[in-house]
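Please look over the sequence and the fold below before reading on.

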Amino acid sequence: MTQTLFDDIEMTPAIAVNGGGQERERIARKFAPLLREEPRLGSLVAYGGNRSVPFLRLYRYKEAFSFELVREFQRRFALTPADYVFDPFAGMGTTLFASMLQGMDSIGVDRLPIACFVAQTLPKFLSCQCGQLRAAFERLVRIVPEIEPAPAAMDVAIMPLAFLEETRLELCRWKAAIETLDGDLRDVFRLLFFAILEATSFTSKDGQFLRLKRDKVTADPTDVLQQKVAEAEADLARAPRLFPFWEQAKNHLPTVCVGDTRDLTGTPFRRPPTAIITSPPYVNRYDYTRSYCLELCFHFIRNFDDLKAIRFGVLRSHIESKVGSDEQPPHPVIAEVVDALKPKDLNNPRIPLMLIGYFVDMQKVIAEWARVLARGAQVAMVVDNVRFEGELVPVDLVLSEMAESVGFRVKEIIVTRYKGNSSQQMKKYGRVPVRESIVVWQLEG
Ligand SMILES: C[S@@+](CC[C@H](N)C(=O)[O-])C[C@H]1O[C@@H](n2cnc3c(N)ncnc32)[C@H](O)[C@@H]1O
């Protein structure tokens, strides 16, 4: 018996944490020797660690993992500038940014345009001089009151509710003013602009959705943008000291592609990547196109139809995902979970479909990696297990078995932390910790 990170629960993690049926017991027993706890990594699998990292702190992509986690796996994998790093779910580009700063070439793919934009823009701070952002801000602040407001996708339901009318107009003026800048400076200011939308709105990215909080005290756009500029200037001043390869990093700018990692056919790899450090969307009903709706509406989409196209183009990890009636669970554990859920009174009847869609997609994704990676390439992927109506889904183990079937060797499954369940679920089914793990695989040579 092992003492788990939940200090009041004693269990053999591999078995007790999975539970719930023959297939889940089988897979738990199979991978038990490779499972180990490493609580030190628990704080690194979330964005929190980036709050003190220059540039990464400027825009909160809350599903990101931390810069330090990437550094940790660069070390464990003994990566050198000869490696070529790939993040197939790049998000804000933490892996790409950390690779660039170690002198490694890298490439990332993400389906969400705001994520790709941030990943592409963070390295552009390298081309900014100290004082340049402050000077540009001072020029812009003078033209904002006069400029014609830029358009935004106002037919998306949350937009008219998210801001005071005068704030929205001021934001649209700021957006128009920023568009008068050129090149990298314009992108850097766009990023700072996206970074102030939450603070200036009645919304909060604190759950599965973008929540409307009518009683929230909202910030003035010009004031918060000025603060962001000051933060960015402070980062420019300290970056060369904190990042020893800051100057050389310019020669290793990452390639970022808006794309779908389920099909990497057109991805412009320079050569087969030698490492993946990544984290996919979790199968938890969470819809990125809702959380990042304001950013999308201000810049990346023209209307609601465009938003829906992105919503249904991402990995099927959320409840609205479309799943064909002919699609079947692609793995025996998922078939078992889906069967177990059938008779239950689910709070959302689409949960079994979401599970099928998610694992069909992830199977394709893993097969693509086996196709494009260099032999011997190493993979570290952060994943979250889930539990619906008492049924545990050992995502880490299922994906690992899928990986084995296309030629990866599962080296270890590191449990970084355990999460509880919703209070409703705990009341009904008891407190069962659910793993957040890092699966470590290697493509057989
Ligand atoms: C957990 S986040 C990754 C965060 C990233 N590790 C970081 O540090 O920012 C998962 C990402 O997968 C992206 N995604 C969803 N479906 C995708 C797809 N089909 N192809 C590529 N990326 C996708 C989401 O937009 C999201 O940015």
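## The sheet and its surroundings

Strand S4 (residues 84–87) and strand S9 pair in the parallel sense over two bridges, where pairing requires that DSSP finds at least two bridges between the strands. Helices (H or I, at least four residues) and strands (E, at least two) are DSSP runs numbered from the N terminus. This is a predicted model, in which local features need pLDDT of at least 70 and side-chain atom pairs count only at pLDDT 80 or more, while totals for chains, interfaces and linings use all residues. Residues are numbered from 1 along each chain as its sequence is written.

**Strands**
- Eight strands form an open sheet of mixed pairing, in the order S3-S13-S14-S10-S9-S4-S5-S8.
- Strand S3 (35–37) and strand S8 (255–258) stand at the edges with a single partner strand each, so one side of each is left without a neighbour in the sheet.
- Within S9, the bridge partner of Val 85 is Ala 275.
- Four bridges join S9 to S10, and these two strands run parallel; in S10, Met 381 is the bridge partner of Thr 278.
- Strand S10 (residues 378–384) pairs with strand S14 (residues 434–443) in the antiparallel sense over seven bridges, and in S14 the bridge partner of Asp 384 is Glu 436.
- In a regular strand the side chains alternate between the two faces of the sheet.
- In strand S9 (residues 275–278), Ala 275 and Ile 277 point one way while Ile 276 and Thr 278 point the other way, and all are buried, a term that applies if 20 or more other C-beta atoms lie within 10 Å of a residue's own, with exposed meaning 12 or fewer, partly exposed lying in between, and C-beta atoms being placed from the backbone.

**Helix H2**
- The buried residues of helix H2 (residues 22–31) are Arg 24, Ile 27, Ala 28 and Phe 31.
- These residues cover an arc of only 105 degrees around the axis (taken from the directions from the helix axis to the C-beta atoms), which puts them on the same side of H2.
- The exposed residues Gln 22 and Arg 29 are carried on the face of H2 turned away from its buried side.

**Contacts of Val 379**
- Leaving aside residues up to four places away in sequence, Val 379 touches Ile 276, Trp 369, Phe 408, Val 440 and Trp 441, contact meaning C-beta atoms, placed from the backbone, within 7 Å.

**A loop residue**
- Arg 350 lies in the loop between helix H15 (332–341) and helix H16 (351–372).
- Arg 350 is partly exposed, with 15 other C-beta atoms within 10 Å.

Note on methods: Contact = placed C-beta atoms within 7 Å.
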